Amino acid sequence: MIIENFDLLKQLSETPGAPGFEYKVRNLIISIAEKFVDKTDIDNMGNLILFKKGNSPKKVMLAAHMDEIGFMVRHIDSKGFIKFQPLGGFDPKIVVGSRVVIHGKKDVYGVISSKPIHLMSLEERGRKVDLKEFFIDTGYPKEELDNLIELGDPITRCAECIEMGNCINGKSLDNRISVFILIETLRRLQNETLPFDLYAVFTVQEEVGLRGAQTATMAIQPDFAFAIDTTVAYDLPGASPHEFVSELGKGAAIKLIDSGAIADYRIVKFMKETAKKHEIPYQLEALTAGGTDTARLQQFVKGGSIAGAFSIPTRHLHQTIESVHKDDVKASIDLITQCLRDLDKLDTKHW
Ligand code: ZN
């Protein structure tokens with residue numbers, strides 16, 4: 001099984017972009033996607049807004065967040081060990097032992113560490129782990145480290161993006177897989193005129209509270225809006241089918257609900273009909289905990305927008321390395337492309 005433009009996906013996955021520090025991944029997106037649209041803008045918060053003129057001034061906004069969960073240097077102790085502040089929701093159990101990169105004057109490798117299990121008391125072994133106890137060891141003493149990094153520098157995970165079975169596995173696939181899908185959709189549509197003006201937005205600071213999506217939505221005031229983001233695929237040992245949320249390889253996921261938004265029933269109907277009409281495999285996704293940019297896209301427009309979301313089923317979400325299925329990536333590009341082409345057929349009448 002192959003995936004077109006895997007090299008771009010690999011680059012997107014491996015490029016750093018902690019919340020508030022998305023510049024490297026943003027520059028990469030601009031270098032690829034600028035040529036597919038009519039206008040490129042960056043707002044004060046750092047959201048990247050690619051505009052493509054349509055046949056009518058009605059506006060559709062697509063949002064894929066480009067930040068990734070990361071950390072910030074908070075304190076460097078007298079021996080050169082770093083205390084850090086999480087930027088986004090980490091599972092503390094999986095953090096220890098991770099290799100990270102501190103983006104200072106130059107990139108510095110580090111490993112997140114804690115007290116070795118050999119030295120833990122029985123009570124310590126059974127205790128819940130807390131991120132506050134962890135530190136980063138860079139292999140440098142403080143005197144050398146002080147010339148390389150400083151307080152406030154962002155830190156990201158470090159992992160190669162690979163093809164693994166029928167899947168892609170790498171760091172930050174939340175949400176670089178959606179960034180990739182949005183770029184590939186723009187590539188496909190580059191020589192077409194769509195029914196409505198399109199704003200393809202690569203948002204900042206989603207992982208710390210949907211912050212970039214809020215300001216971009218307030219500026220654009222879309223009529224229609226879709227988030228593109230990963231969702232949980234807990235189709236794994238120990239889970240019952242009602243806990244899966246989504247399944248790998250079963251197609252593009254159409255969001256019904258998450259903790260911040262109920263997808264508009266008119267847009268859900270339109271997305272399902274579009275998938276059926278074009279024979280694109282799809283599944284429905286109801287996420288019981290965790291939000292996406294969908295909430296801001298829907299609620300920060302005067303009078304609200306008609307909003308929904310495309311979700312990409314993802315295993316091992318917010319762990320060190322995440323997995324998505326190649327078939328789901330293809331189905332998602334197909335479905336988003338067709339939804340944009342047919343959007344003027346969406347019936348906006350309330351039932
Ligand atoms: Zn995400």
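Partly exposed, in this tour, means a relative accessible area between 20% and 50%, with buried under 20% and exposed over 50%. Keep that in mind as you click around this predicted model.

**Stop one: Glu192 and Arg341.** Select glutamate 192, in the loop between helix 6 and strand 12 (196-203). At 27% relative accessibility, it counts as partly exposed, because that value sits between the two cut-offs.

**Stop two: along helix 10.** Stay in helix 10 and pick lysine 330 and aspartate 334, which are 4 residues apart, about one turn of the helix. Their side chains meet in a salt bridge, at 2.9 Å from N to O. Aspartate 334 has a relative accessible area of 17%, so it counts as buried. While you're looking at charged pairs, select Lys10, Glu14 and Glu160: salt bridges that share partners join them into one network. The count for the model comes to 21 salt bridges.

**Stop three: helix 6.** Select residues 173-189. How far apart are the end C-alpha atoms of helix 6? They are 23 Å apart, which agrees with the 24 Å that 17 residues should span at 1.5 Å a residue. Helix 6 is mostly covered, with 15 of its 17 residues buried.

Next, zoom in on arginine 176 in this helix and glutamate 68, in the loop between strand 3 (56-65) and strand 4 (70-76). They form a salt bridge, with the closest N and O atoms 3.0 Å apart. So here the pair ties together parts that are 108 residues apart in sequence. Buried or exposed: which is arginine 176? It counts as buried, at 0% relative accessibility, and glutamate 68 is buried as well, with a relative accessible area of 0%.

**Last stop: the cores.** Select Leu12, Ile29, Ile183 and Phe202, the residues with the most contacts inside the largest nonpolar core, which has 61 residues. Helix 6 gives the most to this core, with 9 residues. Center on leucine 12 and show what surrounds it: among the residues it touches are Val25, Leu28, Ile29, Val179, Phe180, Ile183 and, from the previous stop, Arg176. Finally, jump to Phe71, Val108, Leu131 and Leu148, which belong to a second, separate core of 19 residues.

Terms used
Residues are numbered from 1 along each chain as its sequence is written. This is a predicted model: local features need pLDDT of at least 70, side-chain atom pairs count only at pLDDT 80 or more; totals for chains, interfaces and linings use all residues. Side-chain values use heavy atoms; hydrogens and water are left out. Helices (H or I, at least four residues) and strands (E, at least two) are DSSP runs, numbered from the N terminus. The expected span of a helix is 1.5 Å times one less than its number of residues. Buried means under 20% relative accessible area, exposed over 50%, partly exposed in between (1.4 Å probe, protein chains only). A salt bridge is a side-chain nitrogen of Lys or Arg within 4 Å of a carboxyl oxygen of Asp or Glu. A nonpolar core is a set of buried Ala, Val, Leu, Ile, Met, Phe, Trp, Tyr and Cys residues joined through side-chain atoms within 4.5 Å. Contact means heavy atoms within 4.5 Å. Lists of a residue's contacts leave out its neighbours within four places in sequence.
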